[in-house]
Amino acid sequence: MHRTLAIIERELRRFRRSPMLIVMSMIFPLLQLVVLGYAFGGNVKHLKLAIVDQDHGVPAVKIRELAGAVSAGARTLDLLEYADPGHALTDLRNGVVNGVLEIPPDFSRRALTDQQPRVALISDNTDTFVSATLAGTVNSLVGAFNTPVTVQRVTPVASLDVVEVYPYVPYIQYLLPGSITMSIFMMVMIGGGIIFIDDKARGLHEGYLVTPITRLELIAGFNISGTVKAVLAGAVLMTIGSLIAGVPDPLDPMRMLRMLLVITVTALALVSMMFLLMVRVKDPLMPRAIFGLLNTLLYFPSGAVYPQQAFPGWMKAIAIADPFTYSVHAFKSLLLKNTGFSAIAYDLAFLMVFSAIAMTAATLLFRRSL
């Protein structure tokens, strides 16, 4: 055991002498959290909508007033008046406006005689987010226009009451669990896999290999030291990220204790996986080459960015074996729902079993000869 502790002490001393390594392993996940959280999580606003009113009747004026209310309130729309439909369509194709709302000449007559009045929304569908937002906003305008002025006291129409169990979750909070997992993975890759291979390439492991230290003690020493480094990175990002994302009561002691446990188990699982992948590798360029591949293969199928229910079957199969999946699920349960251990028991069990299997396989594959 003392030989394992010696390896851990040596690795941590070297880690302490590389402050830039610590900083760089935390900057990228924090930058990713802030940029992606605010780039993808906000509501689409200030869409330029051209209104071509060819009717000018009272019902048409009502449509325009409803659009003006949305523009002044939610600011989803910026309204532009056009007299010529051809000019409006030209500006749509040139990207000057995002959509054209055309009120035909017979709109008021049809509205007053109950002959199914229609308006047309012509949108630039090359951007699905913009076109979907425009369609939803204009549909709400038409729904408000169709609402009768006098409402029946008892209506036979069914309605839906939506009850939300948890407060509104901004996208930056939704992204935070994946960012914490990514910070752990970054430290594992930089402070574990890359340094391990560089040491082998420079011959530093020869000092270990001529001692009577066992394979298990050697792998355990590297794994535990890598876990300690990854836990430090994950704990820092957990605290800073929770404050940046606005997580309610981010310093709750019990939640932080549960989070620290998940961070530790996640770090051990990822470090064990990394040493399993690198135990027979000698080329120092290999871990750098596979970093991008592992980043994509582990991060995106985990559900950190988008719900797994939308994935195709082959991607769901990757997610089942992906340790990121269980780490992200556990972090979401604790950060977004503030649940207890019962909600994350399966995630912890999978990560611990995964760690044991990976560490055992790495120990069996390790060779004492260079």
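**Reading burial, contacts and a surface patch**

Author: Phe331 is buried, with a relative accessible area of 0%. Please keep in mind as we go that this is a predicted model.

Reader: How should I read such a value, and where in the fold is Phe331 placed?

Author: Buried means under 20% relative accessible area, and Phe331, at 0%, therefore counts as buried. Its place is in helix α13, which covers residues 323-336.

Reader: Which residues is Phe331 in contact with, once its neighbours within four places in sequence are left aside?

Author: Contact means heavy atoms within 4.5 Å. By that reading Phe331 is in contact with Pro177, Ile180, Thr181, Met259, Val262, Ile263, Thr266 and Leu336. For one of these, Thr181, the C-alpha to C-alpha distance from Phe331 is 8.6 Å, although the two residues are 150 apart in sequence.

Reader: Is Ser108 buried or exposed?

Author: Ser108 is buried, because its relative accessible area is 8%, and its place is in helix α5, residues 107-112. With neighbours within four places in sequence again left aside, Ser108 is in contact with Asp55, Gly57, Val58, Pro59 and Ala60.

Reader: Turning to the surface, which residues form the nonpolar patch, and which helix gives the largest share of it?

Author: For a patch, residues need over 30% relative accessible area, and nonpolar side chains are joined within 5 Å. Here Ile27, Leu31, Val34, Val35, Val236, Ile240 and Ile244 form a nonpolar patch, with about 510 Å² of accessible area together. Helices α2 (19-40) and α9 (215-245) each supply at least two of its residues, while the largest share, four residues, comes from α2, the helix in which Leu31 lies.

How values were computed:
Residues numbered from 1 in each chain as written. Predicted model: local features only at pLDDT ≥ 70, side-chain atom pairs only at ≥ 80, totals over all residues. Heavy atoms only, no water. Patch = residues over 30% accessible without salt bridge, like charges linked within 9 Å, V, L, I, M, F, W, Y side chains within 5 Å. Areas by Shrake-Rupley, 256 points an atom, 1.4 Å probe, with all protein chains shown as cover. Salt bridge = Lys/Arg side-chain N within 4 Å of Asp/Glu carboxyl O. Buried < 20%, exposed > 50% of the residue type's maximum accessible area, 1.4 Å probe, protein only.
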